[in-house]
Amino acid sequence: MKPAHEPRRVIIREWMSLPRDKRRTPEQADAFTTKAAGIHTFECSGDRLQRIRGWLEPRIGRH
């Protein structure tokens with residue numbers, strides 16, 4: 001399993017557990033990404049914020 005696989009699952013689960021009106025916009029995703037990056041640690045060769053945002057991108061506004 002890749003090192004960031006478990007944090008990815010946890011972060012996506014946290015995002016999807018938010019009420020729909022709290023995970024609708026890119027701005028909400030940006031705020032969540034910043035918060036998640038401060039809480040969760042994982043190895044990443046690039047920008048951790050971009051990595052988390054990439055995980056959330058297909059789920060923004062999803063019902």
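1. The structure is a predicted model, in which local features need pLDDT of at least 70, side-chain atom pairs count only at pLDDT 80 or more, and totals for chains, interfaces and linings use all residues. Residues are numbered from 1 along each chain as its sequence is written, and side-chain values use heavy atoms, with hydrogens and water left out.

2. Two packed helices are described by the angle between their axes and the distance between the axes. Helix 2 (residues 26–39) and helix 3 (residues 48–56) pack at about 130°, with axes 9 Å apart. Helix 2 is therefore oblique to helix 3 (angles under 35 degrees count as roughly parallel, over 145 as roughly antiparallel, 65 to 115 as roughly perpendicular and the rest as oblique). Axes are lines fitted to C-alpha atoms, for helices over the stretch in contact, and angles run from 0 to 180 degrees between N-to-C directions. Helices are DSSP runs (H or I, at least four residues), numbered from the N terminus.

3. The crossing of helix 2 and helix 3 is right-handed (the near helix is turned clockwise from the far one by less than a right angle). In contact, meaning heavy atoms within 4.5 Å, are Pro26, Ala29, Asp30, Phe32, Thr33, Thr34, Ala36 and Ala37 of helix 2 with Arg48, Leu49, Ile52, Arg53 and Leu56 of helix 3. By class, this contact has eight nonpolar, two polar and three charged residues (Ala, Val, Leu, Ile, Met, Phe, Trp, Tyr, Cys and Pro count as nonpolar, Asp, Glu, Lys and Arg as charged, and the others, Gly among them, as polar).

4. Helix 1 (residues 5–17) packs on helix 3 at about 60°, with axes 10 Å apart, and the two are therefore oblique to each other. Their crossing is right-handed. Pro7, Arg8, Ile11, Ile12 and Trp15 of helix 1 make the contact with Ile52, Trp55 and Leu56 of helix 3. These residues divide into seven nonpolar, no polar and one charged.

5. Thr33 belongs to helix 2. Thr33 counts as buried because its relative accessibility is 3% (buried means under 20% relative accessible area, exposed over 50%, partly exposed in between, with a 1.4 Å probe and protein chains only). The side chain of Thr33 reaches the backbone oxygen of Ala29 at 2.7 Å. Not counting residues up to four places away in sequence, Thr33 touches Leu49, Ile52, Arg53 and Leu56.

6. Asp21 lies in the loop between helix 1 and helix 2. With a relative accessible area of 45%, Asp21 is partly exposed. The C-alpha atoms of Asp21 and Gly61 are separated by 8.4 Å, although the residues are 40 apart along the chain.

Notes. A polar contact is a pair of N or O atoms within 3.5 Å; within protein, one must be able to donate a hydrogen and the other to accept it, and residues adjacent in sequence count only if both atoms are side-chain atoms.
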